[in-house]
Amino acid sequence: MAKVAFLGLGVMGYPMARHLAAKGHEVTVYNRTRAKADKWVSEHGGRAAATPREAAAGQEIVFACVGNDDDLRQVTTGPDGAFATMDKGSIFVDHTTASAEIARELAGIAEKAGIAFIDAPVSGGQAGAENGQLTVMCGGEAPAYAKAEPVIASFAKACRLMGPSGAGQLTKMVNQICIAGLVQGLAEGIHFAKRAGLDPEAVIQAISKGAAQSWQMENRYKTMAAGQFDFGFAVDWMRKDLGICLVEARSNGAHLPVTALVDQFYAEVQSMGGKRWDTSSLIARLER
Ligand code: NAP
């Protein structure tokens, strides 16, 4: 069993830290809004720390799942950041969806302090975090990964080292690029079915056994057809993720015309009041 800290008890971090405690790891938690950390300790035991710096002292592994690059910088190298107190030989595992650039930058800073840094973004959403069934895509050095992987398994159904620092974030970018165009296609299909006077439920039942099948189709068609979006993976987060993909593509020369277009569609959904709506809300823009 490992001695660990978890920084960031949001929608994802809160249940991920719970799975670590349930597996018997000794967990210290930190959350910017202290009340959430106190609530977590009252439910799951362990200890709450006032800062990332305090939480990280003496831990074998420090996990984080915060919002974006700036937030990650704050909890690692900021004035009360975790890197200041982490021991040589310890490991920082970052589950934030962030840029590959910050993963490489923080890995470089960590290395100088004798700390290993693994970028480890996740997919599987809130349900995956709650059920301990996340997919984790990692970048970093193999020896540190080998030590962290059995602990990450507390909340993951699959975990894989994809390459050096940044490779986890790059893999997550591929994941988001694949989803963006697909959700728009699904939105157009359901929208078309309704306009054609077909029953969307019957249409999906017929076509979901064939080549058009997808996770989004199986898990989102009902709520899309009903115009319900008050759940799931927020449009604001998706725009952050697509922004990261588009910046990376500018530097590696990849062509992402559909991703760029869908990003603009999501900007329209935001201006319709859909900042916190699930990403399947692309259909709402077609049905305005
Ligand atoms: P969330 O519910 O908004 O939680 C964000 C967490 O980060 C909160 O604990 C927040 O603290 C903390 N935080 C933000 N900025 C901070 C800062 N500057 N300093 C310290 N703590 C800070 O977000 P989430 O849904 O858990 O998502 C977290 C990450 O996972 C994001 O990168 C997201 O893209 C990614 N992700 C999310 C999903 C999903 O379905 N939700 C799926 C895959 C990946 P407070 O409580 O004080 O605000």
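1. Leu106 is buried, its relative accessible area being 0%, where buried stands for under 20% relative accessible area, exposed for over 50%, and partly exposed for what lies in between, with a 1.4 Å probe and protein chains only. This is a predicted model, in which local features need pLDDT of at least 70 and side-chain atom pairs count only at pLDDT 80 or more, while totals for chains, interfaces and linings use all residues. Residues are numbered from 1 along each chain as its sequence is written, and side-chain values use heavy atoms, with hydrogens and water left out.

2. Leu106 has its place in helix α5, and here helices (H or I, at least four residues) and strands (E, at least two) are DSSP runs, numbered from the N terminus. Not counting residues up to four places away in sequence, Leu106 touches Leu72, Thr76, Thr77, Phe83 and Phe117, contact meaning heavy atoms within 4.5 Å.

3. Which residues of helix α4 (residues 69-77) are buried? They are Leu72, Val75 and Thr76, and because they cover an arc of only 95° around the axis, they are on the same side of α4; the arc is that of the directions from the helix axis to the C-beta atoms. On the other side of α4, Asp70 and Gln74 are exposed. The buried residues of α4 pack against β1 (3-7), β2 (26-30), α3 (52-56), β5 (91-94) and α5 (100-112). At the start of α4, the backbone nitrogen of Asp70 has a side-chain oxygen of Asn68 within 3.1 Å.

4. His95 sits in the loop between β5 and α5, and with 1% relative accessibility His95 counts as buried. The side chain of His95 reaches the backbone oxygen of Ala120 at 2.7 Å. Apart from residues up to four places away in sequence, His95 touches Met16, Phe63, Ala64, Cys65, Ala120, Pro121, Val122, Val136 and Phe155.

5. Gly163 belongs to strand β9 (residues 156-163) and, at 19% relative accessibility, counts as buried. Leaving aside neighbours within four places in sequence, Gly163 is in contact with Cys138, Gly139 and Gly140. Gln59 is 104 residues from Gly163 along the chain, and the C-alpha atoms of the two are separated by 25 Å.

6. How do two helices of this model pack together? Two packed helices are described by the angle between their axes and the distance between the axes. Helix α8 (residues 167-195) and helix α12 (residues 257-271) pack at about 65°, and their axes are 9 Å apart; axes are lines fitted to C-alpha atoms, for helices over the stretch in contact, and angles run from 0 to 180 degrees between N-to-C directions. In this pair, Ile177, Ala180, Gly181, Val183 and Gln184 of α8 meet Val258, Thr259, Val262, Phe265 and Tyr266 of α12. By class, this contact has 7 nonpolar, 3 polar and no charged residues, where Ala, Val, Leu, Ile, Met, Phe, Trp, Tyr, Cys and Pro count as nonpolar, Asp, Glu, Lys and Arg as charged, and the others, Gly among them, as polar.

7. Ser208 lies in the loop between α9 (200-207) and α10 (215-226) and is buried, with a relative accessible area of 10%. Beyond residues up to four places away in sequence, Ser208 touches Gln213 and Met217.

Notes:
A polar contact is a pair of N or O atoms within 3.5 Å; within protein, one must be able to donate a hydrogen and the other to accept it, and residues adjacent in sequence count only if both atoms are side-chain atoms.
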